[in-house]
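Subject: A structure for you to look through

Dear colleague,

I am handing over a structure that I would like you to read slowly, with the sequence beside it.

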Amino acid sequence: MRHKELRHRLSRRTSHRKATLRHLVRGLILNKSIRTTRSKAKAASRLIDRLIALGKKGDLASRRLAYSVLCDRGLVKTLFDEVAPLFKNRNSGFTRILLINSRHGDNAQMAILEFVERPKPPVKKRKEKREQQKEIEAKKEPTVEKETKEAEKLPPKTKEVPKETPKPQKGRLKKAFTDGLRKFFRRRGEKG
């Protein structure tokens, strides 16, 4: 009997279900928001909440448990260093599920699964990037005065005419090809 057994089976066998949930969670950590069906979003939401709770602990055992689900050290580092600190004042409910229109092909209810808190990009880095881009553009684009001075210093360019290579005659190639074919078929005829 099925007494109080809450598990989203997703009409898959165990290994396929685990792989599906693993990929959904990985996508959510990377992109901070994913679009999937409602039932998959509910199942992935439970898993990502457990992973964030591990991330809030931050010890080595928690990292190993998270690695057993994510199978990627970079994602574990992102989870523990960027995602989990956003929820230090929150005990649960780290994700939200927003329902959207149904899918056209099979009319499945679609949903957006996303984090409740989103990391804010640092303002200083943006300003530094803009300044770096301006410096790079200034170096790339020389002024008109510099170009004219450089052009005056250089001697005038002379055009080199490429030497014409003699073209092979069409008759010779055709004759050589047909002679080769004749020899080939003669040899085959003699052997057979």
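Is Leu 181 buried, partly exposed or exposed? Before answering, please keep in mind that this is a predicted model. Leu 181 has a relative accessible area of 35%, and because buried means under 20% and exposed means over 50%, with partly exposed in between, this residue counts as partly exposed. Leu 181 is found in helix H7, which covers residues 170–191, and together with Phe 177, Phe 184 and Phe 185 it forms a nonpolar patch on the surface, whose accessible area is about 430 Å² in total.

The strands come next. Strand S3 (residues 109–115) is mostly covered, since five of its seven residues are buried, and it pairs with two other strands: five bridges join it to S1 (residues 33–37) in an antiparallel arrangement, while six bridges join it to S2 (residues 95–102), again in the antiparallel sense. If you want to find these pairings on the screen, look for Thr 36 opposite Ala 111 and for Arg 96 opposite Glu 114. Between S2 and S3, which form a hairpin with six residues between the strands, Asn 107 takes a positive phi near 60 degrees.

Finally, there is the largest pocket, which holds about 420 Å³ of space. It is lined by 14 residues, and those closest to its centre are Arg 17, Lys 18, Leu 21, Leu 47 and Arg 50. Helices H1 (14–31), H2 (38–57) and H3 (60–70) each supply at least two residues of the lining, with the largest share, five residues, coming from H1.

With best wishes

Note on methods
Residues numbered from 1 in each chain as written. Predicted model: local features only at pLDDT ≥ 70, side-chain atom pairs only at ≥ 80, totals over all residues. Heavy atoms only, no water. Patch = residues over 30% accessible without salt bridge, like charges linked within 9 Å, V, L, I, M, F, W, Y side chains within 5 Å. Areas by Shrake-Rupley, 256 points an atom, 1.4 Å probe, with all protein chains shown as cover. Salt bridge = Lys/Arg side-chain N within 4 Å of Asp/Glu carboxyl O. Helix = DSSP H or I, 4+ residues; strand = E, 2+ residues; numbered from the N terminus. Buried < 20%, exposed > 50% of the residue type's maximum accessible area, 1.4 Å probe, protein only. Pairing = 2+ DSSP bridges. 1 Å grid on protein atoms, 1.4 Å probe; cavity = no way out; pocket = protein on both sides within 12 Å on 5 of 7 lines; lining within 4 Å. Points joined across faces, edges and corners; volume = space filled by probe spheres on them.
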